[in-house]
Amino acid sequence: MTRVGRRLVLLGAGAGLAGCGFRPLYAPAAGGAPGPAAAGLAAVYVPVLPERSGQLIRQALQQRFDGAGSGMAKRYELEVGHAIASDGIAVQRDSSTTRVRLIGTATWVLRPLSLARTPLVTGSARVLDGYNILNQQYFAAELENEAAVRRIAQALADQITLKVGSYFLQAAPA
């Protein structure tokens, strides 16, 4: 397909999406101000989460939420419960494991920072990851585990951010 043909296909796809009511999640509002999703995310406070994996999830969420402008007054609180489980899935005859699967789960509740504290929206996220253990090298396996936990934290934060941002976009006046 030629370059001109590709552009025409992209323009046609964009026009089709515009006709069905598609709006980009992080699109700015008129005048360049943050859109409803970005402004809502910037107003979310994430309390401290226990364990190292919780710290990584919180840090990833804060980076995504404060993108529209840090220093914005916090009006919501996002409570997150998380867990990461591991399974040895490639077990050798001598009972040693050569592949580990990690399953990260998170449940979350978005609440206003008011006396009522009624949940606005709830949800969950689930991520699979894994790593290989080669030649039973303990330190290499530990580094791979740490890298996999970081990837899981990032992926969980991505899923939560999309769902919370979608809530703010739907709740915004048209």
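What covers the buried residues of α3? The cover includes α2 (36–42), β1, β2 and α4, where buried means under 20% relative accessible area, exposed over 50% and partly exposed in between, using a 1.4 Å probe and protein chains only. Before going further, a word on the model: it is predicted, so local features need pLDDT of at least 70 and side-chain atom pairs count only at pLDDT 80 or more, while totals for chains, interfaces and linings use all residues. Residues are numbered from 1 along each chain as its sequence is written, and side-chain values use heavy atoms, with hydrogens and water left out.

## The overall layout

The protein has 4 helices and 4 strands, taken as DSSP runs numbered from the N terminus (helices are H or I with at least four residues, strands are E with at least two). Walk along the sequence and you get α-α-β-α-β-β-β-α. Of its 174 residues, 33% count as buried. Take the contacts (heavy atoms within 4.5 Å) between residues at least 6 apart in sequence: 65% of them join residues at least 24 apart.

## The sheet

The 4 strands form an open sheet in the order β1-β2-β3-β4, with mixed pairing; two strands pair if DSSP finds at least two bridges between them. At the edges sit β1 (44–45) and β4 (121–132), each pairing on one side only. Strands of a sheet pair through backbone hydrogen bonds, either parallel or antiparallel. Here is how the pairs line up, with one example of bridge partners or opposite residues for each.

| Strand pair | Sense | Bridges | Example |
|---|---|---|---|
| β1 and β2 | parallel | 2 bridges | Y45 with E77 |
| β2 and β3 | antiparallel | 13 bridges | V80 with W108 |

Strand β2 covers residues 76–88 and β3 covers residues 99–112. You can follow their pairing through other partners too: Y76 bridges to P112 in β3, and H82 bridges to A106 in β3. As for β3 itself, 10 of its 14 residues are buried, so the strand is largely enclosed by the rest of the structure.

## Helices across the sheet

Helix α3 (residues 51–65) lies across β1 and β2, running at about 135 degrees to β2. Helix α4 (residues 138–171) lies across β1, β2, β3 and β4, at about 155 degrees to β4. For these angles, axes are lines fitted to C-alpha atoms, for helices over the stretch in contact, and the values run from 0 to 180 degrees between N-to-C directions.

Helix α3 has 15 residues and reaches 21 Å from its first C-alpha to its last, close to the 21 Å expected at 1.5 Å a residue; that expected span is 1.5 Å times one less than the number of residues. Its buried residues are S53, G54, L56, I57, R58, A60, L61 and F65. An α-helix has 3.6 residues a turn, so residues three or four places apart point the same way.

## Where α3 meets α4

The axes of α3 and α4 come within 8 Å and cross at roughly 45 degrees. The two helices are therefore oblique to each other (under 35 degrees counts as roughly parallel, over 145 as roughly antiparallel, 65 to 115 as roughly perpendicular and the rest as oblique). On the α3 side the contact is made by R52, S53, L56, I57, A60, L61, R64 and F65. Helix α4 brings V149, R150, A153, Q154, L156, A157, D158, I160 and T161.

Pick out A157, which lies in α4. At 0% relative accessibility, A157 counts as buried. Leaving aside residues up to four places away in sequence, A157 touches I57, A60, L61 and R64. A157 and A106 are 51 residues apart in sequence, yet 9.2 Å apart in space, C-alpha to C-alpha.

## Two positive phi values

Most residues other than glycine have a negative phi, and most peptide bonds are trans. E51, in helix α3, has a positive phi of about 70 degrees although it is not a glycine. E51 counts as exposed, at 58% relative accessibility. R117 is placed in the loop between β3 and β4, and its phi is near 55 degrees, again a positive value in a residue other than glycine. At 26% relative accessibility, R117 counts as partly exposed.
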